[in-house]
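Please look through the structure below before reading on.

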Amino acid sequence: MAPPDPRLTDPKAVADLGEKIYAEKYRETYERDFLGQFAVIDVTTEQAYHAPAPEEVIRIARERSPQGVFHMIRVGEAGAFRVSYTARAAGSRRLSA
Amino acid sequence: MSATPPEPPAVAGYLHKSGCPALKIRVWGVSETLAQEFEAIVDTGFSGFLSMPMVQAFPLGLVLFGTTKVVLADGSTDTKLTALGNIGLEGGLNKAGVIILETNISEILVGVDFLNQFERSLVLFGERAIPQALRSSTKPLILIDNKLIHAVLDAIREAAEKAAQDKARAQTDAAQLQIQSAPETNASPEADPTSQSN
């Protein structure tokens with residue numbers, strides 16, 4: 001088994017890397033062709049997958065990248081999901097290194 | 001081979017002590033034997049399937065998937081871990097979906113994708129919406145099968161179309177009646193052989 005990627009030390013690092021790969025390689029095309037769909041980036045291979053539903057794109061990604069480490073994005077949106085609470089309610093202990 | 005039992009047309013919920021709509025759900029991951037029952041608040045401000053505190057998710061065997069970003073109500077974003085899991089409702093209804101694992105929120109929330117996955121519409125009765133005589137027997141929260149909703153909407157559309165056709169027909173009939181009842185215009189004396197001139 002390959003040694004773990006030192007960049008992937010915590011969830012936020014995975015998310016940041018996923019966002020970076022998406023912005024550099026996929027954003028333009030995906031926002032033109034798949035607006036509103038869910039995209040998943042395998043940060044280990046920089047491969048992306050997309051589907052209209054989150055469960056569907058996860059299934060596709062796991063089939064094609066069984067060993068992948070994934071970050072999910074909703075095309076054209078700042079986040080894959082919206083929640084009704086604020087940052088203040090969430091507290092300062094965010095998921096971070 | 002036993003037939004699949006029909007899905008219940010409606011699943012009842014209740015009002016949480018906070019006043020929010022809520023219902024009982026079962027959650028599990030790799031095996032239903034790990035399922036546990038929880039009280040979940042139906043939060044239509046949440047676009048996802050299920051959000052739950054990470055610590056409560058530990059014993060459920062959820063399949064960790066990766067990360068995602070969520071947009072908070074103030075427009076900022078936060079990074080979350082995601083997992084795959086199943087929600088079970090009464091009547092044997094089960095659906096799989098993406099579960100957001102929370103580190104600071106203590107409530108379990110089901111969102112709009114939950115309603116989409118289960119193909120249910122949320123009907124919420126306010127306190128004053130239910131007549132006093134029916135309050136003991138009417139649940140304040142009902143998740144109705146979308147097929148029933150479609151049937152109701154179709155019936156409403158058909159009734160509206162029929163009413164519009166009836167109205168148009170009545171207007172046409174009234175117009176024709178008016179034409180028939182209008183007094184005849186005076187004809188010229190030369191054209192009328194029975195008229196006598198002085």
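Where in α1(A) is the kink centred? The kink in α1(A) is centred on A:Tyr26 and amounts to about 70°, where the bend at a residue is the angle between axes fitted to the seven residues ending there and the seven starting there. This is a predicted model, in which local features need pLDDT of at least 70 and side-chain atom pairs count only at pLDDT 80 or more, while totals for chains, interfaces and linings use all residues. Residues are numbered from 1 along each chain as its sequence is written, chains are lettered from A and ligands numbered from 1 in the order in which they are written, and side-chain values use heavy atoms, with hydrogens and water left out.

Helix α1 of chain A covers residues 11-33. Helices (H or I, at least four residues) and strands (E, at least two) are DSSP runs, numbered from the N terminus. The end C-alpha atoms of this helix of 23 residues are only 29 Å apart, whereas a straight helix would reach 33 Å at 1.5 Å a residue. The expected span of a helix is 1.5 Å times one less than its number of residues.

The buried residues of α1(A) include A:Ala13, A:Leu17, A:Ile21, A:Tyr26 and A:Tyr30. Buried means under 20% relative accessible area, exposed over 50%, and partly exposed in between (1.4 Å probe, protein chains only). An α-helix has 3.6 residues a turn, so residues three or four places apart point the same way. The buried residues of α1(A) pack against elements of both chains: β1 (38-42), β2 (47-51) and β3 (70-74) of chain A, and β5 (63-71) and β6 (77-88) of chain B. Contact here means heavy atoms within 4.5 Å.

Now take the strand β1(A). Five of its five residues are buried, so β1(A) is largely enclosed by the rest of the structure. In a regular strand the side chains alternate between the two faces of the sheet. In β1(A), A:Phe38, A:Val40 and A:Asp42 point one way, and A:Ala39 and A:Ile41 point the other way.

Which strands pair with β1(A)? β1(A) pairs with β2(A) in the antiparallel sense over five bridges, and with β3(A), also antiparallel, over five bridges. Two strands pair if DSSP finds at least two bridges between them. A:Ile41 has A:Ala48 of β2(A) as its bridge partner, while A:Ala39 stands opposite A:Ile73 in β3(A). β1(A) and β2(A) form a hairpin with four residues between them. A:Glu46 is partly exposed, with a relative accessible area of 30%.

Chain B has three helices and ten strands. Of its 198 residues, 36% count as buried. In chain B, β2 (residues 21-28) and β3 (residues 36-42) pair in the antiparallel sense over six bridges, and B:Ala22 has B:Ile41 as its bridge partner in β3(B). β3(B) also runs parallel to β8 (residues 109-110), to which two bridges join it. There the bridge partner of B:Ile41 is B:Leu109.

In the loop between α2 (112-117) and β9 of chain B is B:Glu119. B:Glu119 has a positive phi of about 50° although it is not a glycine, and it is partly exposed, with a relative accessible area of 48%. B:Arg120 lies in β9 (residues 120-124). Is B:Arg120 buried or exposed? B:Arg120 is buried, with a relative accessible area of 3%. Its side chain reaches the backbone oxygen of B:Pro8 at 2.7 Å. Leaving aside neighbours within four places in sequence, B:Arg120 is in contact with residues including B:Leu93, B:Leu143 and B:Asp145.

B:Asp145 also caps the N-terminal end of α3(B), with a side-chain oxygen 3.0 Å from the backbone nitrogen of B:Lys147. Helix α3 of chain B (residues 146-181) has 36 residues, which at 1.5 Å a residue should span 52 Å; its end C-alpha atoms are 52 Å apart, which agrees.

Key:
Polar contact = N/O pair within 3.5 Å; in protein donor to acceptor, adjacent residues only side chain to side chain.
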